Amino acid sequence: MPQQLLKNIFGTDFSEYQGDQEGFLARFLAHKFSLANLYAVFDYIAGLEHPFPHPFDKTKEIIIPGCAIIGDRKAADAAVFLAHTHGNEPVGLSAFLLALALSGAGLLKGKIYAVIGNIEAARRYWEVFRDNPEAPVYKRSFFRTVSASDEPDEAKDLNRLPPKWSELAVNNLQEFYDKILDSEHYIIRRALKILTLALRPEVKLFFDVHSSRQSPDGLRIINVSQTQMKMLEEGKFGHILKGVPEDLRIFPAGLLETLGIEEPQITVKMLVEIARGENIIPIIGIECGHHENLQDTMPRSAWFANALLYNLGLSEVMPKNYEKDAGEFYKYHVIGRKGIGYLSGQIVSGDVIYPVKPLAEEKPPYYASGQIIAWKLGKAELIDIGREPDVKKLEEVGKTVQEIYSVYQFKEMEKMQKGQVAMIGVPSGNKFTMPEDAILLFPTKSSALYGKKPGMWPVVVDSVKNPANAKFSYVIKDVEKIILK
Ligand SMILES: [Zn+2]
């Protein structure tokens, strides 16, 4: 079955690459990956299930659907690959595909537990693709989480698990299992099944692949906890990251913990870390680009996955440029979630506050609304110029005003300079400027683009209890170059 799947996707029998590491890598990376390829991988793995022993009760089995065991089942070493933690992020399936191809070529040592995270959300995502492969991305992107209305918010997303669990997991893992195995909430049971794999003694790595919505390049960061970061820097995990792609080497240090403070929640990765306790292993997540820009993300995520496996002795395929890798990475220190009050500026009643960029610097496609803010007779005015930029209209406006800003959707990671105008209040015209040089991470998003939620712009001053706290962005202040060995 996997051989046929690989043949259908690559048109190649990978058994021909037995002992040919270089040839294998070239063949794998030369493929023009498509959504249809990933759908085939999903369809295959979603249809499998395996029983695993209950970690505390030998009379019981935990059956895990949506899980493949790739490689030698009796192997002493294993890794867990997690894909589709979010339903609309299919790119993690490329790591599964890499493992299948390695195994097909006899170049995989050990075994991979390839598990689909939010399998229900992913199923819905793929159903939209199957019904209409030509549909634009946003038609599928609703299925990030399972959104059944009868589920509480804490039971929708594998990365927003209630923190009370982590307390229970720390205090009494066995009781934790007893309480959660028959939870009425699908996502909570799913988290426990993923944890069941991650707790297995042969597991030496937990790897979780994500993507993001910023088109076309997406965000490219490595997500690890502070504990993991320390282990990496102190060399405890050796050179686990040696040979990963050069353009995926940023750690947003402290992000997971900051997210956890602002909105009490834990990610499935943190749950694994807590539950493994002393038996800690590398637990690594990546954001590897835009959700569906697969020519960009698939080779990157597969390469990243292979480097991890190679460093663990689980893959025989040496990553490209491995021997030349000096181990340079970057720590972007996240100083926390900042409200509008972080910016220098005056919040006044009656204003509606928009994120902006001088029009001269930022033209579409980063328009969120097709609107600009212009000054006329000392007052700021919001002017609709339409999503398609109408140059004539802009020129006309330009003749009558002193300054024009574009109402702007910041990128998911954007560099800002001290004094730069980041937001403007309308009609007061009050400007909100950056108090320092910094990098924004996950800045506030447009309610028009992404649906209405707190922290989304525009911020209507009089409708928010404490407008200074209305989310502006996570902020990164210091960038530190580190060497991992
Ligand atoms: Zn995600």
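Q: In which loop does Leu 108 lie?
A: Leu 108 is located in the loop between α4 and β5 (111-116). Helices and strands are DSSP runs numbered from the N terminus (helices: H or I, at least four residues; strands: E, at least two). The model is a predicted one, in which local features need pLDDT of at least 70 and side-chain atom pairs count only at pLDDT 80 or more, whereas totals for chains, interfaces and linings use all residues. Residue numbers start from 1 along each chain as its sequence is written.

Q: Why is Leu 108 called buried?
A: Leu 108 has 23 C-beta neighbours inside 10 Å and therefore counts as buried. The class requires 20 or more other C-beta atoms within 10 Å, while 12 or fewer make a residue exposed and counts in between make it partly exposed; C-beta atoms are placed from the backbone.

Q: Which residues are in contact with Leu 108, leaving aside neighbours within four places in sequence?
A: The partners of Leu 108 are Ile 70, Gly 71, Ala 99, Leu 102, Ser 103, Leu 314 and Ser 315. Contact here means C-beta atoms within 7 Å. As for Ala 95, Leu 108 is 13 residues from it in sequence, and the C-alpha to C-alpha separation is 13 Å.

**Helices α1 and α4**

Q: What makes α1 and α4 roughly perpendicular?
A: Helix α1 (residues 2-10) packs with helix α4 (residues 93-104) at an angle of about 110°, and their axes are 10 Å apart. Angles of 65 to 115 degrees count as roughly perpendicular (under 35 is roughly parallel, over 145 roughly antiparallel, the rest oblique). The pair α1 and α4 is therefore described as roughly perpendicular.

Q: Which residues make the contact between α1 and α4?
A: Helix α1 contributes Pro 2, Gln 3, Leu 5 and Leu 6, and helix α4 contributes Leu 100, Ala 101 and Gly 104. By class, five residues in this contact are nonpolar, two are polar and none is charged.

**Backbone features**

Q: Why is Phe 442 called partly exposed?
A: Phe 442 has 19 other C-beta atoms within 10 Å, and it is therefore classed as partly exposed. This residue lies in the loop between β18 (438-441) and α15.

Q: How many helices and strands are in the chain?
A: The chain holds 15 helices and 20 strands. Its radius of gyration is 24 Å, close to the 23 Å that the globule rule gives for 485 residues, so the chain is as compact as a globular protein of that length. The rule is 2.2 Å times the number of residues to the power 0.38, and the radius is taken over C-alpha atoms.

Methods: Axes are lines fitted to C-alpha atoms, for helices over the stretch in contact, and angles run from 0 to 180 degrees between N-to-C directions. Two residues are in contact if their C-beta atoms, placed from the backbone, lie within 7 Å. Ala, Val, Leu, Ile, Met, Phe, Trp, Tyr, Cys and Pro count as nonpolar, Asp, Glu, Lys and Arg as charged, and the others, Gly among them, as polar.
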